[in-house]
Each structure stands twice: as structure tokens, then as C-alpha cells.
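I opened the notebook to record how two chains meet. The entries follow the order in which I looked things up.

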Amino acid sequence: MDLLPSQEQQQIVDAARHFLEGEFPLADALQLAEGESRITREHLTRIAELGWIGIGLEEAWGGVGYGLCEEALLFVELGRALLPPSILCSVLGARIAAAGSTRGDAAEMGRVTGTILSGHCKIAAAVPRTSTSASIGDVVSGEFMLYEAGDADFALMCNTGGAALVSLSALKSLTPVSCIDPTLSAATFAADAIEASAFIATAQDDLYHRGALLCAALLLGIAEATLQRSVDYAKEREQYGKPIGSFQAIKHYCADMAIRCESLRAMLYYASVKLAQGDDSGRFDVHTCKALAVNYAQLNANTAVQIHGGMGYTQEMDIHLFVKRAQVLAGLFGGERQHLRDLLAQPRPD
Amino acid sequence: MNLDFSPEQVEFRERVRDWLHDNVPAEKRPPDGAEGRAFDLAWQQTLYRGGWAGINWPKEYGGQGLDTFQQLIFLMEYSRCGAPGDHYRFNGLNLAGPTIIACGDEAQKATYLPPILKGEVIWCQGFSEPGAGSDLASLKTRAVIEGDEMIVTGSKIWTSWARFADWQQLLVRTDPDAPRHQGITWVINRMDNPGMDIRPIRDMAGGTDLHEVFYDQVRIPLQNVVGGLNNGWKVSMAQLSFERGTAFMPSQIETQNTIEALIELAKTRRLEDGRYAIEDDHIAYQLATLRAEIRSLLAMTLLGISRNERLAMPGPEGSMLKLFQSELYKRITALALDILGPDRTALDELAGRWPRAFLGSFANTLGGGTSEVMRNIIGERCLGLPR
């Protein structure tokens, strides 16, 4: 038993962090126009060249052949760098397309799998606005919130029953929404029995729980990034002739943020291993992980604003971007309440 | 990242499970006092005879010399079958013993370690003083060296189990002129030493396990000094890292049982409006959140063990576990009272163990370092924030 990443896994993390810090400094995001994506299609192909989109996909399907643990570790870094959720959709979309390629329209889906893995296809996240009215299967109906539709080719929608790819051209009337997160575009749409390009049922590949876990990884990235920024600021910023980090009021905020990071990171590792093993408790642990992630990332990001004082409230610093992204990710692949209900309904885990 | 146990570890778990199944006493531990002491020592003797005392202690002092993972497996099985808690044995097994293993000389190890494992002695602690709580380094209990003895005068407080203990790990000031962290000595004291007076303190949960201990010219041989004269601060810091590192592993694991018991309670207790407590959204939300956080406590414990395997000493991250667990425990017991409704005020069988547990839970965020001290340690030693 060793819950820490292996040397090889740590290398993946270090390389990803190095690349992201060099290529996607958050300062750039502050210069973007509202709704303008941080990653262009060129960026997406560069990311794909690194093998990130197929990192956890089996080699037989054109993936890199690592597992869920490596995927989760990578997504912590993507979350820290605030890369958009469309990358998560690409990772899951490749799995849907790859599985779909073994069915009816094999040739077309094989081609789509290739374009997703090579970064030539962008996938927007479609979140059911009410889980009761949304129906996701070979045919899709319901009302959705769509992120990053701008230059996307497909929308990915997912619930506990399965995950579907829908061609964006099949969606008729998108109603643009001004998004809380200025680095993401958003729109709503209503689908009335639209045929999906591909659908995969949970029994075949559980993308709902995989997506929830990776979303939790993105949120851990936010929790850790806001802790780091807060600690750095508290060491530097002086009031009353002292660094504010020497005051217990600030120090104790930071300590609580650090515990949330430790708790969430431990839970992410644990849930990744359990879900990858297909353990009975794997889903319980994913529910736990996503529920904690939503709660902790929001608490850390919100506390970071307070620690940064008046400057934290401005758009001259990047803290607000974490607060806003945490709100977007809170709703993806099941919210906190949904996951809490699900974990409470389960028998005592092993 | 893996959670796999080797075939040997799986076999070890089977042996632990079988032995516990056959040997865990059926009767409940009697309340604290002389009967509690007798029960605790008898159980320790059973563990010793069965070859399960001191799982990770060196073999030459009666331990089993097993690794951290075997300790973890043992504790998980131990908790699962509801075996007796450490109670009076806590200090010797988790604090005094490990400190003597880490800092004691050969004679001290041979003298003091085996009786702990054999269930012959109970240990207690003399650290805090009326004027030195969170600011432990300001302690004033004075020890004057005279020949091969020290003569101790002063007082200690919050000494758990003092009336029922045989030995005490005591911090005294041996050099009042040195900088405050450098004039302190860690010494072993006999609790039947002449010149001592022990006053029980009644706590808010009704227990009398806490004490104030007075020392009037108490003579202690210098050979009882552990880790060298005036080096007591370093020795006690090593000890506190056990206390905040691995010493609470049993209670971290036990917390899983507590939340599951509370969920069961919520499924069987009806609220004033006739619904089962778990059907109430507000209660269900809190139960689920606690279940999630306690699941992560288990993951944190495993992550901590994995980290300790790569490092020599438990790091300051142990403070996070201590803080997290103690605050969670308080929330669990407070929620239990909410679920009990009007029955919450009953201190007998009507409300079960919960009201007393609620009252007792306040000790968890005070003893072994307050939550505020823990947050200072995390801020300064884990995050590098200025003092």
C-alpha cells in the first residue's frame, strides 16, 4: 500500500505543471475579452500532442494507456492553471467516440475519435438544468446549460445513466448567457428528441463517476492554487509593520485552507484507486470526493478573496477567476447535494 | 498510488481477525477508577500473552517489531471488532513508551518499556501548569540538582489518570537562567514519590480523570532523566509529534464507527413531527457531509502513513489530522443531540452514550494542543508563515 504518486506519476505531474506555467500563465487570462476562450484550437492541438487527451485511454483505442490515477493527477494541474472544462469533455468524449466506433456508424466514430485525440475537435460541456427533465441516451431531450459552445463541434452531456455526444449543428436555438466566469462562454438550449452522434451507457463505461472524479481534481487544483496565492500574499503584504501572515486571524484561515487541501488530495487519491479497481466502494468514494471538492474549493477560493483584502475584490488580481470557476465546476457531473444524497444512501463502505 | 496489501499482509490480517474474535472481552469496560485500571491492565496482559502488544515496538523490549502497515491493519481490525479503547493505557503506549524508545538510554529502555507492554503499569503526563498551557515553554516547576538527584517543587495540571498511574513523564525547569526552551528537562517520576499531592478535577462531562499535581521537595534520581539535562524541550517536541502523528490513529479509525452509529441512530429515531431523523433534509445533509469528511480522514491517515514511510519522523502534517479529527468529533456529537430531540437531556440509557460524548468532546479540541495551537503549527511549520 502506498497512496502517494509513484516516481513516474510524479514526473507526469511535474512536466504538466511546468508546461502549463510556461504556456498558460494566468496573467494572460486577465487580458482576454469577456467570453474569449483561454485555449484556441491551436492550443488544443498542442495539448493533444502531449498525449493529455488520451492519457487514460487504452492504447487499442489510440490512447496513451495510462489509467484513471494519472488522469486525475493531470487534472489537478489543469485545475490549478484554470484551463477550461472542454478539455475534460475531450477526455471523456474520446471514450464515448471510441466505444461508439465499435457499433453501427463505426467508420465515422473512428474518425471522430481520431480528431478528438489529435485536438482537432472541441467539445462543449452541456449540464442538465434539471436532472428530472433531462433524458440522455441515443436520443437526447431536456434543458441544458452549455459552456464553450463558441467554436465547438460537439456537446457532451452526462448523467448517472450514461454520456452522449451531440453534434453542435444539431442544436437549433442557443440562447447566449453572460457567464459568471469571464473566461468561458455560456448558452442555454432546449433539446427535443435530438439524435445523439454517440451514446455510452454507464454499465459499459461509467463516465458519470469518472467525470465527477476528474471534476473534483480540477477543484482540488483551485483549492491548492488559492491556498498558495494566499500564503504567498500573507508573507509579503505588511500592515501594522508586520506581514499579515503573522496575525492569527490570517494564519488560521490559511491553516484551515491547508487542511481542506490535504483532505481533498487524500480523498482524490483514494477514490481514484478505488474507482480504477472497480471496487464496490469506488462510487461511494467518488461521491465523497466530488461533494468535498465542491465545498472545499469554494471555501478556499472565497477565503482567498478575504485574505487578499481590497485587491482580492478587483479584477487586477486573478483570485476572482478561481471563485468564478469553482461555481462553474460545482454544477458539472452532479452538484454537492446530489453526491451527498447518493453517498448517504449507500451501505457502510469497506 | 495503490491500496494493495501483499499476500503476507492479507494473511496477517486473517490472523489478527481470528485472534481478536476469540479474545476480545464480551463485558464492557467499567467506568473510570480502580476497576477501569484493573480492566485496562488485564486486557493489556491478554494482548501481551497473545503476542499483540507493542505492534511496532522493538522486539528486545517485548514489542512485535512490525511495520507501520501491519500496525494499520491491526488497528483497522481492532476497531472493526469493537475491542477496548486505550483508556488508561494511552500514555504509556503512545507517548511515554515511544519517547523512551526514541530518546532513552539502554538502561531506561530495559527498565521502563517491558512493564508497559506486559500490562503492569499505567503512565501519566506532567506537562501543562496552571500558568503554562498553550505556552508550554513558560513552565515554572523548578528542579534543583543536588548530588545524583533533582528536587522538584511546583505544580502540574490536566494530568489524566494521575490517581491511578504508577509513573509520570514530567517536564521541569532545571536551568532558570537559560533561554526558556533550553532550561527544561524531561524526567521519569514515580507517582508514589513522597512530597506529592494529587487533587482530582471534575470535568464538564462529570469525569474525575483530570488532576492537579503538587510537588513539594520531591526527589527524583538523575538517572531518570531522558535525553539529557536541559534537553527536555527537544524530547517533548519529538513526543508531541507522536501524539499528533500516529498516537491518534486508533481514534481516527474509530471515528468511522462513530459516524456509522450515528447514521443508524438517525434511521431509528423519530423527530417531534413523527418522521425518522434521517428523512429531515437538514439532518441528512449534515450526516452525509460528516460521513464524507470522515471518509477523507481515513484517506488522510493512509496518505500520512505513506508519507511517513518515505520520511524518518512524522512531519507537522500530523497536526492537520489531529485538528481535523477533533473538530469532526465535536460536530458528530453535537448532531447526535439534535437527532435525539427532547431525549438529548437524558444522561442515562434513554439517550445512550451521546449526551456524555457531546460533553466529553470539548476535551478533544483542548487536550494535546488546542485547535488554535494546531492552526499556529500548521501555519508556521507546514506553510512557512511568520510567527
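Which domains does the domain assignment of chain B give? I found domain 1 (7-122), domain 2 (124-230) and domain 3 (245-382), with bounds that come from an automatic or database domain assignment. Between the centres of domain 2 and domain 3 of chain B, taken over C-alpha atoms, I noted 31 Å.

A note on the source: this is a predicted model, in which local features need pLDDT of at least 70, side-chain atom pairs count only at pLDDT 80 or more, and totals for chains, interfaces and linings use all residues. Residues are numbered from 1 along each chain as its sequence is written, chains are lettered from A and ligands numbered from 1 in the order in which they are written, and side-chain values use heavy atoms, with hydrogens and water left out.

Next I looked up the interface. Contact (heavy atoms within 4.5 Å) takes in 49 residues of chain A and 45 residues of chain B. The two chains bury about 4,400 Å² between them, 66% of it on carbon and sulfur atoms; buried area is the accessible area (1.4 Å probe) lost on putting two parts together, summed over both. A:Met1, A:Glu262 and A:Leu344 supply 20% of the area that chain A buries against chain B, more than any other three residues.

Then I checked salt bridges (a side-chain nitrogen of Lys or Arg within 4 Å of a carboxyl oxygen of Asp or Glu). The rule finds five across the interface of chain A and chain B. B:Arg375 forms a salt bridge with A:Asp256, with the closest N and O atoms 2.8 Å apart.
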